[in-house]
Amino acid sequence: MKICSVGLSHKTAPVEIREKIAFSSPQKLEEALLIFKKEAAIKECVILSTCNRVEIYLVVNKNSNWKDIVADKISQYQGVDKKDFVEHLYFKEDTDAIKHIFRVAAGLDSMVLGEPQILGQLKEAYGFAAGKNTTGFVINKLMHTTFSVAKRVRTETKIGSYAVSISYVAVELAKKIFESLEGKKAMLIGAGEMAELAAKHLLTNGITQIIVANRTYERACSLAEEFNGVPCNFDEFPERLKDVDIVISSTGAPGFVITPEKVKSALKSRRNSPMFLIDIAVPRDIDPKVNDLDNVFVYDIDDLQNVVDSNLAERKKEAEKAEKIIEEELEAFTGWVKSLQVKPLLVNLRSEVEKVKEAELSELKKKLTNLTENDERAIEAFANAIINKLLHHPTVFLKEVGNSEDSYFYLEAFKRIFNLKREGEEHEKKV
Amino acid sequence: MILQFTFYPILFFLLCATLFFFFFLFTLQEKWGRIGVSFLGLSLAVSFLYLVAKGIQLGYFPITSKHESLIFFEFLLLLIFFVFYFKFRLLMVGVFLAPLALLLIVISAFMNKETSTVIPILQSFWLPLHVMAAFIGNALFALSFVISFIYLIENFRLKKKKFDELGKYLPSITVLDNINYFCIIYGFPFMTLGIITGAIWAQYAIGSYWNNDPKEVWSLITWILYAALLHLRLITGWKGKKIAIFSILAFSILIFSFIGVTYLFKGYHSFKP
């Protein structure tokens, strides 16, 4: 019995392959889970399928050729030739597999380092598989541990606390200027994917109104409708500048659209209330001299990108701490896995029982003071006989089931009945 | 004796607070800043005890010597800090305020700590009122001074696009500007009240409202500066950086009229009979 993971991700496979292998609907996911479950060699499985990765976590028989089985099944089900994708797959076993799962859940393997969505996706995938009864004792334990590892990484490192997208950075900067965006107004000049994304982020953070200015008035109207805002003629935008706190500019104009003079007059009308101007256009829309005016803060696309880059570097530093946490947790978990093997468990049981015996014998000797040496030997032999008789059947049973498919279940039950613990388990329980 | 016992703890706690705040600034770990705040709290408590003890000993409001008034001022400064701290949690203010309070206490340590009998000229109901009003105003202006410094730092960082861990502990410039405004708009009436009660008191004690004492003249200059600052803010619509720079300048003049004038010029405000 062993824990394995198979998968491909943005790091190993191009999108053409990923989209072919992805289990993109709940129905497909269910079918695939059941196909895997039907295999004799596969005991438990969970499938995680997102746009950046497809991963299958498995518990398989120790000596099975699980790699071939899984690859064949994927090939059959998705109708993709095996040689087209198998080189993009990674196969991991035991400690490697567990470590990989921990890292994926903590966002350390994600395209955006430390992003939190993957944990939710994994929880969903696990819930789905559990609902279809394709998970069992080991995967359950593994997944719950994985979730707590990911949570530990999130609370003990600052990996998630640095904004790493342009629009998030824009919102964070706005908060550094205005404290809160509640009740603030924004203006969107021009259009474009990034500018619209930034506008959307501002809206979800409390901006009350967006004025949309565009060279074509129809475009302004349709964008305004999308953002629940107000359209504005392109020629009128300088007069409206005084009403807004945040400006996102993204026009295709060859020269500067926003000049110091325009901003100066806006500032005068708004009695120098601070303004935050975001220039997403290339070539730039906002004259950099505007940044020299008091109470005005101009950020162009490069400035925002610099913030993103330095935040990414911070996340990398935090990722190193996360790796340490994962190593710790990995040790605890593999300790648990090892404890589910017959031999160490029996040794453990023997030594526990010996301890009990020694303690009871010395108690007895205190009470019966006039024992001869012969008496003592007889008493000890008597104790040994009882122990051996009592342990005979459990020992035989354990050796028998040790090789069976349900061994994890019995071994865990055995451990609990006799209250046997191994090093590393204390820590694991706390988590 | 209780006085000896309670003065040095103020110095000690402020020293600890300053050290922990510097440590906070150096490591940028919040816990050190919090320890710094706790030490400021202790200094506030022992300052209060010290003033009470002095007051009992004097049988009068403990502001009769330069030493006492500096401690009284430090006490007010910390009190106002905590009022703001509980609302805004601005650890960074403590970083600047702790050394400022420490400086006041160090200066006061070199002054004559002995209590003498209260000089007759000072004995009046107007004295505590005059000093209280003036000091509350000064403490608010001191906070405005500190906040202005932080504003300039944050403004500089935003303009130059600097981002690092320090930014996490710097409040937004809007909050800084608002606090600055609050300090000045409330500090100004207190200062005005201080000058008026001083004039009334002078009328009682000396028989003249205005005596061209250097302190009076410099206080008037400071008052005019803060009046101008308020005017620029409310009527001209200045905000942010200019207000911050002006506030720093005005407070520098205030410090001069508060401490410098006593040594450079002779007048009855120097408390030397």
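Which residues of helix α10 (residues 217-226) of chain A are buried? Point 2 takes this up, after the ground rules.

1. **Basis.** This is a predicted model, in which local features need pLDDT of at least 70, side-chain atom pairs count only at pLDDT 80 or more, and totals for chains, interfaces and linings use all residues. Residues are numbered from 1 along each chain as its sequence is written, chains are lettered from A and ligands numbered from 1 in the order in which they are written, and side-chain values use heavy atoms, without hydrogens or water. Helices (H or I, at least four residues) and strands (E, at least two) are DSSP runs, numbered from the N terminus.

2. **Helix α10.** A220(A), L223(A) and A224(A) are the buried residues of α10(A). Buried means under 20% relative accessible area, exposed over 50%, and partly exposed in between (1.4 Å probe, protein chains only). The three lie on the same side of α10(A), because they cover an arc of only 105° around the axis. That arc is taken from the directions from the helix axis to the C-beta atoms. E218(A) and E225(A) are exposed on the other side. The buried residues pack against β5 (185-190), α9 (193-204), β6 (209-214) and β7 (230-233) of chain A. Contact here means heavy atoms within 4.5 Å. Just after the helix, N228(A) has a positive phi of about 60°.

3. Two strands pair if DSSP finds at least two bridges between them. I246(A) has F276(A) as its bridge partner in β9(A). Axes are lines fitted to C-alpha atoms, for helices over the stretch in contact; angles run from 0 to 180 degrees between N-to-C directions.

4. **The antiparallel sheet.** A second open sheet has 4 strands in the order β2-β3-β1-β4 (chain A), paired antiparallel. Its edge strands are β2 (42-49) and β4 (90-93) of chain A. The twist averages 15° from one strand to the next. Helix α2 (residues 26-38) of chain A packs on this sheet, touching β2 and β3 (53-60), and its direction makes about 155° with that of β2(A). Helix α6 (residues 117-131) of chain A lies across β2 and β3 too, at about 140° to β2(A). Strand β1 (residues 2-9) of chain A is joined to β4(A) by 4 bridges. One bridge pairs G7(A) with Y90(A).

5. **H88.** H88(A) sits in the loop between α4 (82-85) and β4 of chain A. H88(A) counts as buried because its relative accessible area is 16%. Beyond its neighbours within four places in sequence, its contacts include G7(A), L8(A) and P14(A).

6. **Helices α14 and α16.** The axes of α14 (residues 342-367) and α16 (residues 407-417) of chain A come within 11 Å and cross at roughly 10°. The pair is therefore roughly parallel (under 35 degrees; over 145 is roughly antiparallel, 65 to 115 roughly perpendicular, the rest oblique). V342(A), L345(A) and L349(A) of α14(A) meet L411(A), F414(A) and K415(A) of α16(A).
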